[in-house]
Amino acid sequence: MALGSPWARPAVQAQAPTARNPIVHADVPDLAMIRVGKTYYMSSTTMHMSPGVPIMKSTDLVNWKLVSYAYDTLTNVDAMTLANGKSTYGRGSWASSLRYHQGTYYVSTFAQTSGRTHVYATKNIEKGPWKAVSFRPSLHDHSLFFDDDGRVYMLYGAGKIQMAELTADVSGLKPGTSPQTIIENASAPAGPPSAINLQAEGSQLFKVNGKYYLFNITWPKDGMRTVVVHRADKITGPYEGRVALQDLGVAQGGLIDTPDGKWYSYLFRDYGAVGRIPYLVPVQWESGWPVLGSPSGKVPETLPLPANKSLIPGIVASDEFTRRKGEPALPLVWQWNHNPDNKLWAVSQRPGYLRLTTGRVDTSFVLARNTLTQRTIGPVCAGTTALDVAHLKAGDFAGLGVLQRRYGLVGVQASQGAKAIVMVSAESEKPVELQRIPLTQDKVYFKIECDFQDRKDVATFFYSLDGKSWQPIGGPLKMAYTLPHFMGYRFSLFNYATQATGGYADFDYFRITDKLTK
């Protein structure tokens with residue numbers, strides 16, 4: 001990579017539509033980014049979801065579209081299949097590293113759930129296929145790095161940053177080598193050990209004009225999430241470090257350059273219930289250091305890049321569940337909560353509908369298998385579904401939810417000879433039924449509206465008997481981002497049994513909009 005000219009906003013762009021931060025107002029945390037020619041690719045964290053490690057594509061750094069996933073299944077342990085009362089909320093695969101080297105794309109990640117480091121490789125990042133390898137140990141928040149001399153490394157750790165050399169095919173640690181510490185205390189530029197809340201982690205390593213630059217996030221106790229950058233002339237060090245950005249808590253990420261030589265840093269911000277949302281900040285180079293932010297060191301609200309378009313349909317999308325020949329059963333916007341049981345869902349058994357069939361008895365929404373999810377998006381959004389509940393069995397509960405530890409649901413509960421519309425709130429972290437209305441028809445409509453403006457973080461629940469006239473039900477849910485789930489809220493289509501298996505719900509559509517009802 002060659003150094004670009006210092007960032008400046010051209011005067012001619014003052015009247016043109018410009019990009020705004022956040023560039024993606026949705027849960028896309030731990031982003032890693034590369035540019036290949038004029039195309040950018042980004043990977044992110046989706047932890048316990050299946051498929052996992054989403055790959056997004058952009059031609060302008062601002063507007064992104066899902067194009068792939070690195071894997072369908074991370075591992076099949078009980079916690080990933082929600083078996084025997086186990087789950088892996090907040091775990092699964094964490095921060096990924098994305099690289100392009102000699103015609104091959106590499107995505108690597110790590111998981112407490114498997115205890116391994118996972119590497120996925122492909123010649124075609126959009127179409128696959130992906131070759132998967134994994135090895136022990138699980139290298140925390142690692143950065144995969146191909147050096148110019150042909151050697152391959154992973155830098156990893158928290159506080160103490162270590163470096164392990166890998167085999168040339170990235171299939172494991174290089175025999176005869178052992179990891180070495182390259183930075184004893186990467187948090188040091190932000191304060192003494194006693195003043196640090198989160199030790200420096202989230203390593204991403206870059207080589208620019210012959211120098212090595214390591215990006216980390218740290219969090220001083222009395223401050224905010226902070227970007228720290230270290231640089232060295234050799235990959236082994238010695239490294240010198242400095243605080244690179246301390247504004248709005250925007251941190252963790254790395255460097256990207258444009259084809260015309262401009263530089264940016266991609267980072268994210270914890271933003272309440274919608275999740276961790278990506279930002280871009282301009283980078284200027286001064287005395288061989290990347291200087292992040294506006295001239296005053298701030299995260300700018302606008303950027304001299306093309307204007308943001310809607311996140312619909314690139315990141316989230318409506319789905320009528322109609323499929324033409326050759327189309328995938330589910331578009332990329334959908335992910336299952338944990339690994340699905342593929343025998344128990346279909347879009348082919350009743351054309352134009354998603355069928356969710358129960359295959360076991362469950363005790364709660366968060367332990368139910370085959371819940372299908374999409375991100376919520378900010379600043380506001382609404383998700384709507386219609387479902388046919390004629391074939392629910394007594395004890396079945398099917399409907400629309402917003403998934404996090406403090407979830408909310410609106411759906412149909414079947415009992416012997418009767419059905420009812422029910423709204424459940426887990427705002428207290430225990431499910432509480434707030435309202436129940438008898439239902440005497442088989443088709444019913446549900447809607448959940450989410451208001452994330454200024455971290456209001458409130459979800460409101462509605463039902464309809466005709467799809468036109470909507471009635472509120474239950475009460476508003478004060479949404480909260482909790483660390484046990486570690487993920488922004490997700491719209492969820494669900495059906496689970498509490499008494500007997502074999503019942504099914506047919507979902508006619510899921511529709512998402514970035515507006516609230518007037």
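1. The model is predicted. Within it, 20 aromatic pairs are present. Two of these pairs are described in the points that follow.

2. Phe 321 and Trp 334 form a stacked pair, with ring centres 6.0 Å apart and an angle of 25° between the planes. The assignment as stacked holds because planes under 30 degrees apart are counted in that class. The two residues are 13 residues apart, and both Phe 321 and Trp 334 lie in the loop between β23 (302-303) and β24 (335-337).

3. Phe 321 has a relative accessible area of 0% and is therefore buried. Trp 334, at 4%, is likewise buried, since the limit for that class is under 20% relative accessible area.

4. Phe 365 and Phe 494 make an edge-to-face pair, at 5.2 Å centre to centre and 70° between the planes. This pair links distant parts of the chain, 129 residues apart: Phe 365 is in the loop between β26 (354-357) and β27 (372-375), whereas Phe 494 belongs to strand β37 (residues 490-496). Phe 365 and Phe 494 are both buried.

5. Two arginine residues are placed over tyrosine rings. The charged end of Arg 350 sits over the ring of Tyr 353, at 3.8 Å from the ring centre. Arg 511 lies over the face of Tyr 509, with a distance of 3.5 Å to the centre of that ring.

Methods:
Residues numbered from 1 in each chain as written. Predicted model: local features only at pLDDT ≥ 70, side-chain atom pairs only at ≥ 80, totals over all residues. Heavy atoms only, no water. Phe/Tyr/Trp six-rings, centres within 6.5 Å; stacked < 30°, edge-to-face > 60°. Helix = DSSP H or I, 4+ residues; strand = E, 2+ residues; numbered from the N terminus. Buried < 20%, exposed > 50% of the residue type's maximum accessible area, 1.4 Å probe, protein only. Lys NZ or Arg CZ within 6 Å of the ring centre and 35° of its normal.
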